[in-house]
Amino acid sequence: MTTKSLFIAEKPSVAQQFADALKISGSRKDGYIENDNYIVTWCVGHLVAMSYPEVYDPSLKRWSFDSIPFIPEEYKYEVIPAVKKQFDIVSRLLNRDDVETIYVCTDSGREGEYIYRLVDSLAGVPDTKNKKRVWIDSQTEEEILRGIREAKDLSEYDNLSCSAYLRAKEDYLMGINFSRALTLKYSYPVKNYLGVDKCVIAVGRVMTCVLGMVVRREREIRDFNSTPFYRVVASVGKKASEEDDTKLFDAEWRCVEGSKYYGNPGLYKDNGFLKKEDAEALIKSLEDPKPVTLKIKSLSKKTEKKNPPMLYNLAELQNDCSRLFKISPSETLNIVQELYEKKLVTYPRTDARVLSTAIAKVIDKNLSGLTSYPGLGQYAKFVVDKGGHKNISKSKYVNDKMITDHYAIIPTGQGLGQLGKLSDIQSKVYDLIVRRFLSIFFPPATYKKISMSLERNTEEFQANFKVLENPGYLKIADPKFGQKNKSAEEGTDQNQDGADQEASEDVMSYVAGLKKGDVLKGLGFSVKEGKTNPPKRYTSGSMILAMENAGQLIEDEELREQIKGSGIGTSATRDSIITKLVSNKYITLNKKTQVLAPTFLGEIIYDVVQYSINDLLRADLTASWEKGLSYVAEGTITEDEYMVKLKGYVVKYTNAVKQVRNQNQMHLVFDKTKPYYTKK
């Protein structure tokens with residue numbers, strides 16, 4: 001009997017890419033493609049899911065305290081009804097007698113591993129078959145064939161599989177037990193107040209933590225009291241010895257040691273006052289004696305470099321697309337997934353922002369392919385012609401230690417024939433990825449920077465100037481470069497403390513010629529009014545970044561270091577968490593601005609959790625669970641060790657909610673104008 005190799009992908013479109021790479025010319029059948037040597041089939045995302053509690057016991061369909069905590073000894077799984085037909089096709093193919101080798105080609109990551117392992121388990125595929133794992137970073141023909149050629153035994157990914165199963169069990173156990181416990185205990189007063197017939201308090205390991213971040217930020221904004229402040233600004237002219245009274249620049253007062261206001265409780269920071277009259281009193285003292293002059297106390301000149309940013313991972317790309325194009329993280333992921341399937345970019349669900357040593361050695365292929373990309377091809381050609389890519393492996397943009405599953409998202413340099421078929425937003429996202437990639441092969445942008453302090457009586461004023469000397473990578477990274485003035489290119493914001501001033505070449509030239517001890521004209525003083533602003537609401541993009549960098553939200557330094565690099569959720573799931581919170585009506589997403597805000601119901605859910613299982617709101621705990629899963633994937637801890645902790649946690653907090661006595665139960669006191677509620 002002639003044996004065949006079976007390739008199983010995650011989607012039909014990806015399966016077609018494998019069929020094309022393998023030169024399978026056989027006809028496409030119902031659910032698979034086959035020729036004399038190969039069979040290619042596909043899942044349609046998940047084909048198998050975890051069974052609900054009532055599958056274990058019909059009585060568990062009714063929610064009651066008697067049935068929780070619910071922790072099965074053995075977990076049950078079932079085929080998702082909507083995709084049963086494809087599961088049956090895949091199951092039959094996997095078990096065919098003539099199939100000797102199975103190549104697992106689902107997405108190269110934890111979720112892709114889980115998708116196949118569930119199918120393998122329910123289909124009862126015997127271990128006697130040769131199972132190989134294809135791990136690829138793009139869907140180019142070259143990369144697909146390399147992945148097949150270098151495929152490892154599936155067993156080498158058993159730890160990753162364990163991690164995937166544990167993640168699902170964790171979400172299942174916390175979701176079912178905590179949602180049931182909180183709903184049974186607290187839904188009555190909530191639905192009474194809301195005037196609804198039914199209220200399920202849905203919580204989850206990641207979802208509830210993100211809700212907490214949104215609610216806390218909203219309450220910070222709501223409780224924020226703006227503080228007015230008053231700064232003193234001097235208009236500075238040329239040297240006192242010159243007759244020209246042209247204004248050169250502004251200098252801002254700073255309260256330094258030696259100032260008569262040093263240590264004054266009426267100060268705002270070190271550069272302003274809480275009362276306008278104090279600022280005006282300072283001006284009055286500065287205007288005497290005449291003429292008003294300011295002496296240069298110190299002056300420094302230096303060249304400042306700004307290096308190209310790190311490459312895109314999914315979170316950074318989602319943030320930029322939210323900010324620039326006002327599209328949600330889910331939309332960004334869908335777009336970059338389509339670009340991936342069109343062979344235009346590498347694997348999107350990555351947390352890495354660097355390249356691997358292996359890809360760095362052949363990066364000239366990506367660059368060469370981009371030489372025909374309209375608008376930017378000239379830059380790719382310049383890099384190739386000058387050999388600007390040859391030392392990239394020695395740069396910070398290549399680091400194998402910073403890569404877990406996949407390197408950063410970069411253009412493959414292939415598939416450019418597809419560009420004309422892309423939508424406008426797809427083209428913009430692709431262009432963003434290309435610009436970020438090409439930037440790393442160009443020199444830093446350089447700025448001429450001058451910092452100056454000036455004396456008047458016992459007081460000191462400061463002024464900073466910054467001018468772009470050489471744009472370096474900026475001319476590639478910024479599509480609008482050259483259409484804006486230099487200050488815009490530099491991101492100058494003169495409303496910020498100590499911001500660098502915009503200055504013409506003539507002014508910069510004059511200032512550069514000054515030295516310590518020079519005396520300049522004081523052309524007048526003024527009060528600059530301002531006020532403190534509340535923190536900004538999260539946008540969909542900034543929330544994705546906050547989830548990725550959850551460790552930074554932890555105050556305890558030792559704990560922060562312990563879970564360094566661990567975030568809330570994963571690159572593959574963060575967008576879906578936001579989507580779920582919106583669909584549950586716990587938060588709103590403004591599609592025009594991408595700003596997130598909690599709903600009234602969301603705040604109620606937050607407070608219920610705050611007074612019962614407040615651990616679910618803690619970023620450090622959620623991130624530490626994720627860190628634990630990565631330890632399982634690495635083989636540092638075992639599946640059993642993780643499950644012991646998980647079971648103990650679920651039992652402890654489920655029972656804690658159950659044991660709340662009626663007389664101590666939370667009574668809800670609502671204020672519609674300020675939607676909190678508290679314990680009576």
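Author: The lining of the second largest pocket divides into twelve charged residues, ten polar and ten nonpolar; here Asp, Glu, Lys and Arg count as charged, Ala, Val, Leu, Ile, Met, Phe, Trp, Tyr, Cys and Pro as nonpolar, and the others, Gly among them, as polar. The model is predicted, so local features need pLDDT of at least 70 and side-chain atom pairs count only at pLDDT 80 or more, while totals for chains, interfaces and linings use all residues. Residues are numbered from 1 along each chain as its sequence is written, and side-chain values use heavy atoms, with hydrogens and water left out.

The volume of the second largest pocket is about 860 Å³. Of its 32 lining residues, Trp 135, Asp 137, Glu 143, Arg 146 and Tyr 407 are the closest to the centre. A pocket is an open set of points on a 1 Å grid over the protein atoms alone, where a 1.4 Å probe fits, with protein on both sides within 12 Å along at least five of seven lines; lining residues have an atom within 4 Å of a point. Grid points are joined across faces, edges and corners, and the volume is the space filled by probe spheres set on the points.

Helix 5 (141-149) gives the largest share of this lining, five residues. Helix 11 (357-361) and helix 12 (363-370), like helix 5, each supply at least two residues. Helices are DSSP runs (H or I, at least four residues), numbered from the N terminus.
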